[in-house]
Amino acid sequence: MKLPILFSAICLAIFIGLLQGTHYFYVANADTEMGIYMTEVLVILMWMSLFGVFISLAFSKLKKIFKGVF
């Protein structure tokens with residue numbers, strides 16, 4: 001049970017770091033088209049890390065559900 005909690009803490013740290021850092025990246029680089037696309041990638045990565053927090057905490061229950069189905 002320690003591994004999912006550790007993974008969740010890492011994902012939460014990534015989310016918090018990107019939550020603050022994405023704004024500064026946007027302000028610095030949004031004047032180019034590539035900067036806008038990179039900002040979108042960072043925002044997607046930020047939300048995927050938050051999704052990873054919840055998935056890692058519920059991983060054991062999801063594993064039991066999928067083992068029962070398949």
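Start by selecting Ser8, Cys11, Phe15, Leu18 and Thr22, the buried residues of helix H1. Buried here means under 20% relative accessible area, while exposed means over 50% and partly exposed lies in between (1.4 Å probe, protein chains only). Helices (H or I, at least four residues) and strands (E, at least two) are DSSP runs, numbered from the N terminus.

Before going further, note that this is a predicted model, in which local features need pLDDT of at least 70, side-chain atom pairs count only at pLDDT 80 or more, and totals for chains, interfaces and linings use all residues. Residues are numbered from 1 along each chain as its sequence is written, and side-chain values use heavy atoms, with hydrogens and water left out.

**The whole chain**

The secondary structure comes to three helices and zero strands, in the pattern α-α-α along the sequence. The radius of gyration of the protein chain is 16 Å, well over the 11 Å that the globule rule gives for 70 residues, so the chain is more spread out than a compact globule. That radius is taken over C-alpha atoms, and the globule rule is 2.2 Å times the number of residues to the power 0.38. Along the principal axes, the C-alpha atoms fill a box of roughly 50 × 25 × 10 Å.

Of the 70 residues in the chain, 20% are buried.

**Helix H1**

Select residues 2-29, which form helix H1. At 1.5 Å a residue its 28 residues should span 40 Å, and the end C-alpha atoms are 39 Å apart, which agrees. The expected span is 1.5 Å times one less than the number of residues. Where does H1 bend? The bend is at glycine 21 and is about 30 degrees, taken as the angle between axes fitted to the seven residues ending there and the seven starting there.

Now show helix H2 (33-57), which is part of what covers the buried residues of H1. Pick serine 8 in H1. Serine 8 has a relative accessible area of 7%, so it is buried. Leaving aside neighbours within four places in sequence, serine 8 is in contact (heavy atoms within 4.5 Å) with Val53, Ser56 and Leu57.

**Helix H2**

Move to serine 49, which lies in H2. At 7% relative accessibility, serine 49 counts as buried. Not counting residues up to four places away in sequence, serine 49 touches Cys11, Ile14 and Phe15.

Next, pick methionine 46, also placed in H2. Its relative accessible area is 6%, so methionine 46 is buried. With residues up to four places away in sequence left out, methionine 46 touches Phe15, Leu18, Leu19 and Thr22. Draw a distance from methionine 46 to leucine 18: their C-alpha atoms are separated by 5.7 Å, although the two are 28 residues apart along the chain.

**The core**

Finish with Phe15, Leu18, Leu42, Met46 and Leu50, the five residues of the largest nonpolar core. H1 and H2 each supply at least two residues of this core, and the largest share, three residues, comes from H2. A nonpolar core is a set of buried Ala, Val, Leu, Ile, Met, Phe, Trp, Tyr and Cys residues joined through side-chain atoms within 4.5 Å.
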